Amino acid sequence: MIKKIKGAGFVLIMGAMMAAASGCGKTEETTAERAPIAEGKVMDALIDEAENTEDKVDYTTDKPDEPEENTDGDAEGDVEGDADAYSKIGDYKTTLESDNGVIKVEVDAPVNIRESDSYPMVKVSRKPIDNEFLKLAKDALLGDVQLYDGIRVMNPVHEEIVKAGKAETELPGLDLSGQVYYEDIKDYPIETGLFNVNASAEKYSDEPHYGDYYMNLMPDGDMFYGVTDGSDGNYASITVVNSERYGSSLKYYKNKDYYVSDGTVLPVMNLCVWPVEKGKNYPFDESVNPTPFMYPPSGDGEDIYDENGNYVETVYSGDVDPNFTGFVVEESKNETNNISKDDAISQAEDILAKLGYSDQYSVVYAEDSYVINDEDAQFEYGENEKYSINMTSGRVWDLVYERSVNGNAVEDYGEKFSEQYRMTGSGKQVWFGEYIEVFVNDNGVVGLFIGDPLNVDEVVVENSGLMDFEDIKKIYEETQLETLNQTPFFDSILDEEPGSLEDIIKINDIRLTYAKASDPDDFNTGYLIPVWDFSGVCYDNEGGIRCEGSFLQINAIDGSIYNSEVGY
């Protein structure tokens, strides 16, 4: 589940494949064919086009001299720089309307570029997290604190239900053998180091969840999952995953209110984060948030058993439990956030510097935010079986960092999917976008997420030839509506019967930025390339915001439509 809830202007829509978290547009499950791209395009052809400067436009601008430094991999050339200093090169205004009248796109935006003296094309590859980096992160974040086996920790919500004697009715059929209460975790100290999931199967043979979850999702992957015992007044967990199917990630979170458990394989933080300005109850209030972080519990369900009488699952009608009185969010008195934004950024960048990320990344989002871990949910029972779900929200500065290529931020537009995951013969292999997020408050750095880190292998083109924006405009006008038509949340909107206006998209931000283009012939290799990004807000016909973010990206080198599902 994606639980990120960002403020206005942050990319929620991942390019041509829009993120489900935005709750935007159509809700049909059927996904149409993807956006138009150059069929059979190979990276050699794109490199040749990037090296071609004939009939291209020079968008380079002078930049202050910067010391040349090779900070990652064996790459030569400038792949760093401050991701700021925009310049306007013009304005673009146009209106696109579908023939059936149900969608309109209004473009009225400045066209911006960053100050860059070149637009390199950079070859990159996936960078697994090794033991050296894990130990470096553990020392930087936790010092010499002893860690314990997080796989053995019982989910806090389950522990509460079991201790209340309600497991038989509220957790029917759930086998919690092999898991222990948090106060008993001291019996399971571990060394800080990655282990192979398959090779450790025997060690966890008494823990059904291990086989059902880790062995199912990443049997040949490596991982580490450690938790502290809270004896120093802080509860923390650190997880590292190297999965051939889902990529690599490091997740760290700590707080003073409750113990933390987060051993998820998927490279997303198992947290809900949203700007303070949206209000304390925003993630639960459907009147202001179309995609709530948690939904009310369902009412009575029907237990389903197999032919041998073994419990399989409980099927619920979907109706809200009449005994549920609502979500209650209390603000933490321990996880407060009175430090300045500059102080928070300084602390975050001090940690990133220790991990080797100081010169390659720039902060692109900094917001005073609430953060909730849903595993802290407390069921509060009252009279007549009435109950609420109570949670504690901390306050943090939520800081998002993006890599820059010669001053141009590499935007996270989505992920590449393989046609078929080669190990299991089912499902999809995924290459998510590189992502760094840091939480800082009065207690210091309390959260860090590093997803799918990249290794810079080579600068293959020092300064790419870029198409004239006048030609980019023509491509945009020819493809924006059709691209929307071939995405899940606007699926087949152009094929509907003529009707009243349903969606109004207002493009208010156009800029030259960078994206990762995956090599179609090598799943683990990609290229950082310049793209034109068209971002804005989608409104319904009553003026309500349906989603916001990036609605189209066009390859600035050859004019092809960037497609996040295939990754180029």
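I began at glutamate 106, which is partly exposed at a relative accessible area of 27%. My cut-offs: buried is under 20% relative accessible area, exposed is over 50%, and partly exposed is in between (1.4 Å probe, protein chains only). The model is predicted, so I kept local features to pLDDT of at least 70 and side-chain atom pairs to pLDDT 80 or more, while totals for chains, interfaces and linings use all residues. Residues are numbered from 1 along each chain as its sequence is written, and side-chain values use heavy atoms, without hydrogens and water.

**Salt bridges**

I looked up the partner of glutamate 106 and found lysine 104, with the closest N and O atoms 3.9 Å apart. This counts as a salt bridge (a side-chain nitrogen of Lys or Arg within 4 Å of a carboxyl oxygen of Asp or Glu). My search of the whole structure gave 17 salt bridges.

Next I took lysine 251 and aspartate 262, whose side chains form a salt bridge at 3.9 Å, N to O. Lysine 251 sits in strand E9 (residues 247-255) and aspartate 262 in the loop between E9 and strand E10 (272-275), so the pair ties together parts 11 residues apart in sequence. Are these two buried or exposed? Lysine 251 is buried at 2% relative accessibility. Aspartate 262 is buried too, at 8%.

Then I checked aspartate 368, which forms a salt bridge with arginine 395 at 2.9 Å between the closest N and O atoms. Aspartate 368 is in strand E14 (residues 361-372) and arginine 395 in strand E16 (residues 387-405), so this pair links parts 27 residues apart in sequence. Arginine 395 counts as buried, at 18% relative accessibility.

**Negative patch**

I found Asp44, Asp48, Glu51, Asp521 and Asp522 gathered in a surface patch of negative charge. For such a patch, I joined like charges within 9 Å, using residues with over 30% relative accessible area and no salt bridge. Helix H1 (residues 43-51) gives the most, with 3 residues. Aspartate 521 lies in the loop between strand E23 (503-519) and strand E24 (522-540). Aspartate 521 is exposed, at 64% relative accessibility.

**Whole chain**

I counted 7 helices and 25 strands in the protein chain. These are DSSP runs numbered from the N terminus: helices (H or I) of at least four residues, strands (E) of at least two. Of its 568 residues, 56% count as buried.

Note on methods: Patch = residues over 30% accessible without salt bridge, like charges linked within 9 Å, V, L, I, M, F, W, Y side chains within 5 Å. Areas by Shrake-Rupley, 256 points an atom, 1.4 Å probe, with all protein chains shown as cover. Lys, Arg positive; Asp, Glu negative; His and termini not counted. Charge placed at Lys NZ, Arg CZ, Asp CG, Glu CD.
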